[in-house]
Amino acid sequence: MKEYEAIREIINQCPMNHSRDQLIEEISCDDPEEYIREKFKGREFSYEKSVMPDGSIVFEIMTAGIHQRYTFTEI
């Protein structure tokens, strides 16, 4: 199992408030995409996955009208 630093950003959609909440955690998993699917299991959601040049994996997630971004970087 791999170890990742995961940064979760909850992005405020209000045009007058561009602040975002950020949470950082260490996650052990074999597949970050499967981790995302399990985390949002039972909810209606969509996501886009990007692999960055540095190897980090970014998921742009929309659920319940909330935009979230998860960035996984292998430790």
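Let's start at helix α1, residues 32–39, where Pro32, Glu33 and Ile36 are buried; buried here means under 20% relative accessible area, exposed means over 50%, and partly exposed is in between, using a 1.4 Å probe and protein chains only. These three cover an arc of only 105 degrees around the axis, so they sit on the same side of α1. That arc is taken from the directions that run from the helix axis to the C-beta atoms. Helices (H or I, at least four residues) and strands (E, at least two) are DSSP runs, numbered from the N terminus.

A word on what you're looking at: this is a predicted model, in which local features need pLDDT of at least 70 and side-chain atom pairs count only at pLDDT 80 or more, while totals for chains, interfaces and linings use all residues. Residues are numbered from 1 along each chain as its sequence is written, and side-chain values use heavy atoms, with hydrogens and water left out.

Back to α1. At its start, a side-chain oxygen of Asp31 comes to within 3.1 Å of the backbone nitrogen of Glu33. Glu33 counts as buried at 17% relative accessibility, and it also pairs with Arg37 in a salt bridge whose closest N and O atoms are 3.3 Å apart. For a salt bridge, a side-chain nitrogen of Lys or Arg must lie within 4 Å of a carboxyl oxygen of Asp or Glu. Because Arg37 and Glu33 are four residues apart in helix α1, about one helical turn separates them. Arg37 is partly exposed, with a relative accessible area of 37%.

Another salt bridge links Glu38 with Lys41, the closest N and O atoms being 4.0 Å apart. Glu38 is partly exposed at 44% relative accessible area, whereas Lys41 counts as exposed at 59%. By this rule, the count comes to six salt bridges.

Now for the strands. Arg69 lies in β5 and is buried, with a relative accessible area of 18%. What does its side chain meet in a salt bridge? The partner is Glu60, at 2.6 Å from N to O. Glu60 itself is partly exposed, at 25% relative accessibility. Elsewhere, salt bridges that share partners tie Glu33, Glu34, Arg37 and Lys49 into one network.

The largest nonpolar core has 11 residues, among them Tyr4, Ala6, Ile27, Ile36, Phe59 and Phe72. Such a core is a set of buried Ala, Val, Leu, Ile, Met, Phe, Trp, Tyr and Cys residues joined through side-chain atoms within 4.5 Å. Strands β1 (2–11), β2 (20–29), β4 (57–63) and β5 (66–74) each supply at least two residues of this core, and β4 gives the most, with three residues.

Finally, have a look at Gln22, in strand β2. Gln22 is exposed, with a relative accessible area of 51%. Leaving aside neighbours within four places in sequence, Gln22 is in contact with Arg8 and Glu9. The side chains of Gln22 and Glu9 are joined by a polar contact of 3.4 Å; that term covers a pair of N or O atoms within 3.5 Å where, within protein, one must be able to donate a hydrogen and the other to accept it, and residues adjacent in sequence count only if both atoms are side-chain atoms.

Methods
Contact means heavy atoms within 4.5 Å.
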